[in-house]
Amino acid sequence: MTAPSLTPAAAAVASPAVPVLTADDVSLQYTTRERMVTATWRVSFKVYPGDRFVLLGPSGCGKSSLLKSVAGFLPPVEGRIRLNGRDIKGPGPDRMMVFQEFDQLLPWKSVFENVAYPMRVNSRFPRAEIEERVRGYLDKIGLTRFADAHPHTLSGGMKQRVAIARAMAMEPEVLLMDEPFAALDALTRRTMQAELLRLWEDTRFTILFVTHSIEEALIVGTRILVLSPHPGQVRAELDATGLGFDSVATPRFAELQARIEDMLFAGRPGHTAEAH
Ligand SMILES: Nc1ncnc2c1ncn2[C@@H]1O[C@H](COP(=O)(O)OP(=O)(O)OP(=O)(O)O)[C@@H](O)[C@H]1O
């Protein structure tokens, strides 16, 4: 009897050992008229289905550039990025991005239409399913009552929720999140982190999440890639499985936090390893 063949995506889900996303020795550069900037230098990592994979590092280490490259907007000058075994050649609906900025929604469209928009301009789902899918995702993020509202009437947190619903509704292979909560106040940021974890518990989607907050990385991430300052190189990959809000005061959380701080700040003024 021959084994049933699986699509690359289905095969990746069937075997947790098959990465959904692979970056091999990825170097990224920008060439402007005045100079050439190396954003990352030979960065490698693997993201497995259901990972909440965090890229963590100081400002300018190339986190956003890596995300842009995975999204298909910035080809590597060296190395390869593959999604389900295929080289990334450009943007696609299998990788949806959530940004930090509150102005990522279309201001002239309602919340409902914002969430529906990528589905309407893509053939990923049958037309007849779109409305139901939008309603389902608005319900998931608690914004059903605001379906007809326009973005300018929403708070920052609500706008980010809409952006997350819009990206999730496409059911991408990887959800790309570029400091999605960085512009929110501390309280709303916590709420949104908790909400993301709740949504993840529901469907275990794959997330590639960029942050420069060590605490956020430990709360949100299952695996953390620590990058050195500019140009970004891999310092370490850490397992943060099982950590969350409940573990903020635990020895394991403190130990990982201290290790990351040492990696990022050792030798800098004001940093002493004994402080931990
Ligand atoms: N469009 C661009 N043109 C030229 N240089 C750029 C461009 N975008 C980013 N860079 C440079 O590439 C390097 C990496 O930038 P990137 O935004 O990826 O870092 P980051 O780690 O995401 O930083 P931050 O946390 O501040 O957003 C920086 O030196 C930055 O100045």
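This is a predicted model: local features need pLDDT of at least 70, side-chain atom pairs count only at pLDDT 80 or more; totals for chains, interfaces and linings use all residues.
**Entry 1: the whole chain**

I began with the overall build. I counted eight helices and ten strands in the protein chain. Next I looked up the radius of gyration: it is 19 Å, close to the 19 Å that the globule rule gives for 276 residues, so the chain is as compact as a globular protein of that length.

Then I asked what share of the residues is buried. The figure came back as 35% of the 276 residues. I also checked how far along the sequence the contacts reach. Taking contacts between residues at least 6 apart in sequence, I found that 69% join residues at least 24 apart.

**Entry 2: the record**

I looked in UniProt for an annotation. The unreviewed entry places the feature "domain: ABC transporter" at residues 21-256. I went back to the model for that stretch: over residues 21-256 the chain is 32% helix and 26% strand.

**Entry 3: two domains**

How is the chain divided into domains? Domain 1 is made of two segments, 18-94 and 173-265, while domain 2 covers 106-171. I took the centres over C-alpha atoms, and 25 Å separate domain 1 from domain 2.

I then turned to the contact between them, which takes eleven residues from domain 1 and ten residues from domain 2. Which element gives the largest share of the domain 1 side? That is helix 6 (residues 186-203), with four residues. I sorted this side of domain 1 by residue class too: nine are nonpolar, two are polar and none is charged.

**Entry 4: around the ligand**

Last, I went to the ligand. I found 14 residues surrounding it, and the closest are Tyr30, Ser59, Lys63, Ser64 and Ser65. I wanted to know which elements give two or more residues to this shell, and these are strand 2 (36-47) and helix 2 (63-71). The largest share, three residues, comes from helix 2.

By class, the ligand shell holds four nonpolar residues, nine polar residues and one charged residue. I set this beside my domain contact notes: the side of domain 1 that touches domain 2 has nine nonpolar residues and two polar ones, whereas the shell around the ligand has nine polar residues and four nonpolar ones.

Conventions. Residues are numbered from 1 along each chain as its sequence is written. A residue is near a molecule or strand if its C-beta atom, placed from the backbone, lies within 6 Å of it. Ala, Val, Leu, Ile, Met, Phe, Trp, Tyr, Cys and Pro count as nonpolar, Asp, Glu, Lys and Arg as charged, and the others, Gly among them, as polar. The radius of gyration is taken over C-alpha atoms; the globule rule is 2.2 Å times the number of residues to the power 0.38. A residue is buried if 20 or more other C-beta atoms lie within 10 Å of its own, exposed if 12 or fewer, and partly exposed in between; C-beta atoms are placed from the backbone. Two residues are in contact if their C-beta atoms, placed from the backbone, lie within 7 Å. Domain bounds come from an automatic or database domain assignment. UniProt positions are given in the numbering used here, feature names are shortened, and annotations may be inferred rather than shown by experiment.
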